[in-house]
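Let's take a walk through a protein model together. Have a look at the picture first, and then we'll go through it piece by piece.

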Amino acid sequence: MTAPAPASATRELAIDAKNLTRRFGTFTAVDHITFNVGAGEVFGFLGANGAGKTTAIKILVGLIAPTEGEARVAGFDVRTQRAQIRRNIGYMSQKFSLYGDLTVRENIQLYGGIYALTDAQIRDRTKVLLDSLGLTASADDLVASLPLGWKQKLALSVALLHEPKIVFLDEPTGGVDPITRRQFWELIYAAAAGGTTVFVTTHYMDEAEYCDRISIMVDGRIAALGTPAELKKQYDATTVDDVFVRLARGAKAAE
Amino acid sequence: MNTGALRAFLIKELRHILRDRQTLTILLLMPLVQVVLFGFALRSDVRNIRVAVVDPSPDYATIALRSRFMTSTRFQVVSVTNTTDAIEPLFRRGDADVALMFEPGFGNHIVGAEPARLLLAVDASDPNTGTVIQSYARAVIASYESEVSATRGGVQITPEVRMRFNPTLESVNLFVPGLIALVLTLVSALMTAVSLSREKERGTLEVLLVSPLRPAHIIVGKVLPYLGLAFANVLTALLAAWLVFHVPFRGSVLLLLAESVIYALVSLALGVLIAANTSSQRAAMLGAMLVTMLPSTLLSGMIFPIASMPAWLSPVTVIIPARWFIVIARGIMLKGVGINYLWRESVILLVMALVLMAAAVRSFKPRLA
């Protein structure tokens, strides 16, 4: 699969991966993937379970090193400049990443502190965040007591608290009801409008339609890459779901 | 170094600990309960101690001392003979717990310039009981000695002690230093392992590792609060031992606390390593039990003397941190010795702490292989 031109040639690239590969023993989880994401883009990273999405994300955020190939995130090399990458990205893992035994406010304070925001910044952004989520009344409740949808929205807002250049969301809407998913995507759009690049993996094909561009991973390779409209046209499908099913049918690792 | 990040992380850790009231209460009360339980369990059996007396040349002094044992509520004289021949079968059958053997001419030596000698042979097949018996018997002898000294002046009785079946025991108070080691291990290794593996299990660790927070920050943040807790536990254990059982404290409290910090660091690092190599809280808890608690209890000399272990096993104990800490704690508490006697053990512990801490930090570096 060849890399398509970036969304805009003049735009700075938020993520630029070339032949990125990761093997675990004889198993190749990520197999020479090449793609790029423009700054401010909402990029959907799709694939069946086991297709290699999470491994790819972990390489990009610096949790594991690539076996081969290279990638730059926010302009920094994933092999050698991980410290700089960490300061410029936000990350929401598959598992819920806030602390249930801390209050909403305490969780915000924690991540604000970790990302070296000043006390004044933390105070101001906490207020804005609580207002926009409608959580002001629950600010001093334990996070464990919030409904799942609120937790996920809060987790996203916390991942965006330090205004990262790029935010990585690994299946952020798993198990969330449709209305909350919609609100969640509003938050994603708001972040993108503010200039944050969004790199999101999802199982929900309707969500793929919300992305500027999507890639579909099959068996560690990128099988398709383009705007949702381009892919539907290319595969003569009415929905991204159809495209996905057609590509995934030939997969080895699909469940 | 991003100290703001560390501060934020430390505050979070303190909140976790303070918010979990049940666990905190258990942790704070544990040393108290352990000292009391160990203390009473150790002492409850040691009554009706059966004494076999060997008195080759009875005189006023031997008879006076024998009567001390007879009138004591703890002792019961089961046989009086004039040769040592009868002693061995008594011990073998378990009919005597201690033999009191006077040298010939004991009474003359009390009057004379030479010290009067007697031999105490104690059945120490149960080491703890043996130690207690020995100290009670010594106390009876010492009280007689000081009484005679008061009227006659300068009298010296030299009891020589043989711990039968288990020759190395020294004091009734041996268990308290061991207990401090146990409590430190429990709080440090177990709690750290559980707390870190919880972050791993819940996925929060991954988010922390992707943040600017470094593995060293995470470990310091995890370790410091528990170090404080461990400190409180040492003080509780000491206080309980002193108030309830009048265990002496002869050396420097500050030195013991400093050594406790080093030992706690060793245990904390082990806890971190255990968490790094397990994937669930349950596995981490069992791992901590297996790797730290059991060896610290069984192979450290806390309960079973290292000298009485099989020849192949005793060299193994050199890798058990508690072994060295117990030597240090016993030295400070019971013998009142300072760092000039304990530097070797201290250096060993310090090296263990540094090596394990470095390994712990490494273990949390994102997998780069």
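We'll start with a sheet and then turn to a pair of helices.

First, some housekeeping: this is a predicted model, where local features need pLDDT of at least 70, side-chain atom pairs count only at pLDDT 80 or more, and totals for chains, interfaces and linings use all residues. Residues are numbered from 1 along each chain as its sequence is written, while chains are lettered from A and ligands numbered from 1 in the order in which they are written.

In chain A, 6 strands make an open sheet with mixed pairing, in the order β6-β7-β8-β3-β9-β10. Helices (H or I, at least four residues) and strands (E, at least two) are DSSP runs, numbered from the N terminus, and two strands pair if DSSP finds at least two bridges between them. β6 (89-92) and β10 (221-226) of chain A are the edge strands, each with a single partner, so one side of each has no neighbour in the sheet. β9 (residues 213-218) of chain A pairs with β10(A) in the antiparallel sense over 5 bridges. Within that pairing, Met217(A) has Ile222(A) in β10(A) as its bridge partner.

Now for the helices: α3 (residues 104-114) of chain A packs against α1 (residues 3-19) of chain B at about 150 degrees, with axes 7 Å apart. Axes here are lines fitted to C-alpha atoms, for helices over the stretch in contact, and angles run from 0 to 180 degrees between N-to-C directions. α3(A) and α1(B) are therefore roughly antiparallel (an angle over 145 degrees).

Terms used. Parallel < 35°, antiparallel > 145°, perpendicular 65-115°, else oblique.
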